[in-house]
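These notebook entries record what I looked up in one structure. I went from helix packing to the sheet, then to the cores and the backbone.

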Amino acid sequence: MLPITQGLFGGGDMTSVVLNIVWMLLFFAVIITFNQRLQLYSYQRNVEKAVTRLEELATKSKEDAINSIKTFASEGIDLRGNVSGFLEFFTIEPVSLDPFGVLKRLEHLLDVRRSRSVEFVSQIAPKATKTERENIEVILEAATAVNYIYKVVRHFLLLGKKTKSLMIFVQLDMQLPMIMKQAEAYYAAQTTFTAGKPIGDGLGPLVASKLILGSPQKRIAEDIIYSEIEIEKRKVIVLKAEGPGGVVGKPGEAVRELVEGLEGKVSRIIMIDAASKLEGENTGEVVEGVGAAIGDPGPEKYKIEEVAVKYKIPIDAIVCKMGLEEALTTIKKEIVEASDLIVERVKKIIAERTKEGDTVIVAGIGNTMGVGQ
């Protein structure tokens with residue numbers, strides 16, 4: 001190793017010293033002149049790699065969706081063209097500058113979106129059963145999500161290249177880990193949806209199904225059924241989405257109708273749902289709280305809160321922790337085991353916080369794919 005005083009060109013004479021000074025000046029001149037360009041190139045390379053992977057996921061996702069529908073499609077239909085067109089389908093959020101009635105307007109748009117989706121699947125897959133059509137709907141939802149993520153990231157990559165903006169690349173690069181995690185989760189979910197297996201988000205319906213197993217059921221709202229059972233001499237009304245297709249239904253509408261039908265004579269509402277875990281938390285961890293445990297865009301949660309406030313009904317929330325990918329893919333053993341624990345927790349709450357003769361509503365929230373009743 002050369003001594004520091006010897007420099008790059010060795011020796012200690014005046015020529016070597018001058019050459020070392022010149023070399024150092026050139027080095028710093030290059031760094032100062034090209035530093036931003038080097039950073040830009042480094043961040044751009046990361047984003048380009050991510051876009052390549054997202055393009056691969058989006059292409060595979062579309063092909064998988066087409067293959068899932070092929071079996072149920074009519075001969076001669078342009079399946080590829082129809083599916084490609086549907087993946088670009090969008091919904092414009094209602095204006096929120098005037099917040100009055102925004103949830104009703106949002107619910108209306110969500111209803112229209114769902115009806116368009118149902119209509120589209122019926123057209124391209126006329127041979128599918130009700131359950132298969134519902135599963136195709138969620139397959140297309142997952143493919144649409146992957147396609148949308150790919151297009152947004154590609155947009156910012158091309159915009160960054162066009163404007164040569166370092167800030168665009170820096171901000172995008174910082175968010176890439178979370179973006180890629182989401183895209184991979186939606187892609188993995190599509191495989192589970194195709195198989196029609198229960199997913200982690202189906203925890204709520206699974207708990208409800210265990211409570212009402214063997215009991216007669218009635219329909220009460222869109223894609224929602226309920227059963228009346230007895231626990232510790234209390235009347236317990238348990239509701240869930242009607243399985244085994246991939247639907248979530250309108251549990252908020254169901255809770256409101258039940259409470260109004262009983263003229264508010266409900267002692268408690270107990271809600272069960274999956275919840276995002278924080279880093280360091282274990283999958284399948286069960287925790288309790290208060291409030292409407294439901295992850296909808298707003299309308300269903302609002303209905304439950306509104307009717308609970310109107311009749312001053314306490315709302316208990318029991319959630320099971322899991323990651324995004326775990327919620328969207330085949331249900332894990334830890335989550336199935338947690339469902340047994342939650343069944344016992346529900347019975348304990350009913351025994352300790354209500355009296356004999358009371359009426360309690362238990363709502364199992366989530367996608368009921370693969371979970372019957």
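**Entry 1: two helices**

Which residues in α2 meet which residues in α3? I began with the basis of the model: it is predicted, local features need pLDDT of at least 70, side-chain atom pairs count only at pLDDT 80 or more, and totals for chains, interfaces and linings use all residues. Residues are numbered from 1 along each chain as its sequence is written, and side-chain values use heavy atoms, with hydrogens and water left out.

I found that L79, N82, V83 and F86 in α2 meet S117, F120 and I124 in α3; contact means heavy atoms within 4.5 Å. The residues of this contact divide into five nonpolar, two polar and no charged. Here Ala, Val, Leu, Ile, Met, Phe, Trp, Tyr, Cys and Pro count as nonpolar, Asp, Glu, Lys and Arg as charged, and the others, Gly among them, as polar.

I then noted that α2 (residues 79-86) and α3 (residues 102-124) pack at an angle of about 170 degrees, with their axes 11 Å apart. Axes are lines fitted to C-alpha atoms, for helices over the stretch in contact, and angles run from 0 to 180 degrees between N-to-C directions. The two helices are therefore roughly antiparallel to each other, a term for angles over 145 degrees. Helices (H or I, at least four residues) and strands (E, at least two) are DSSP runs, numbered from the N terminus.

**Entry 2: the sheet**

I traced seven strands in an open sheet of mixed pairing, in the order β1-β2-β3-β7-β4-β6-β5. Its edge strands are β1 (218-221) and β5 (286-290), each pairing on one side only. Two strands pair if DSSP finds at least two bridges between them. From one strand to the next, the twist averages 30 degrees.

The bridge partner of I270 in β7 is V362.

**Entry 3: the nonpolar cores**

Which residues touch the most other members of the largest nonpolar core? I found L211, I342, V346 and V362, in a core of 30 residues. A nonpolar core is a set of buried Ala, Val, Leu, Ile, Met, Phe, Trp, Tyr and Cys residues joined through side-chain atoms within 4.5 Å. Buried means under 20% relative accessible area, exposed over 50%, and partly exposed in between (1.4 Å probe, protein chains only).

Among the elements that give two or more residues to this core are α6 (203-212), β2 (224-231) and β6 (315-322). With seven residues, α10 gives the most. Neighbours within four places in sequence aside, V346 is in contact with L211, I270, I272, I318 and V362. I also recorded a second, separate core of 29 residues, which includes Y226, V247, V307 and I315.

Most residues other than glycine have a negative phi, and most peptide bonds are trans.

- A cis peptide bond, with omega about 10 degrees, joins G243 and P244; P244 lies in the loop between β3 and α7 (251-261).
- K164 has a positive phi of about 55 degrees. K164 sits in the loop between α4 (130-163) and α5 (166-195), and counts as exposed at 61% relative accessibility.
- K233, in the loop between β2 and β3, has a positive phi of about 65 degrees. K233 is exposed, with a relative accessible area of 54%.

Is Q44, in contrast, buried or exposed? Q44 belongs to α1 (residues 14-70) and counts as buried, at 18% relative accessibility. Residues up to four places away in sequence not counted, Q44 touches L157, K161 and F169.

Technical notes
Angles under 35 degrees count as roughly parallel, over 145 as roughly antiparallel, 65 to 115 as roughly perpendicular and the rest as oblique.
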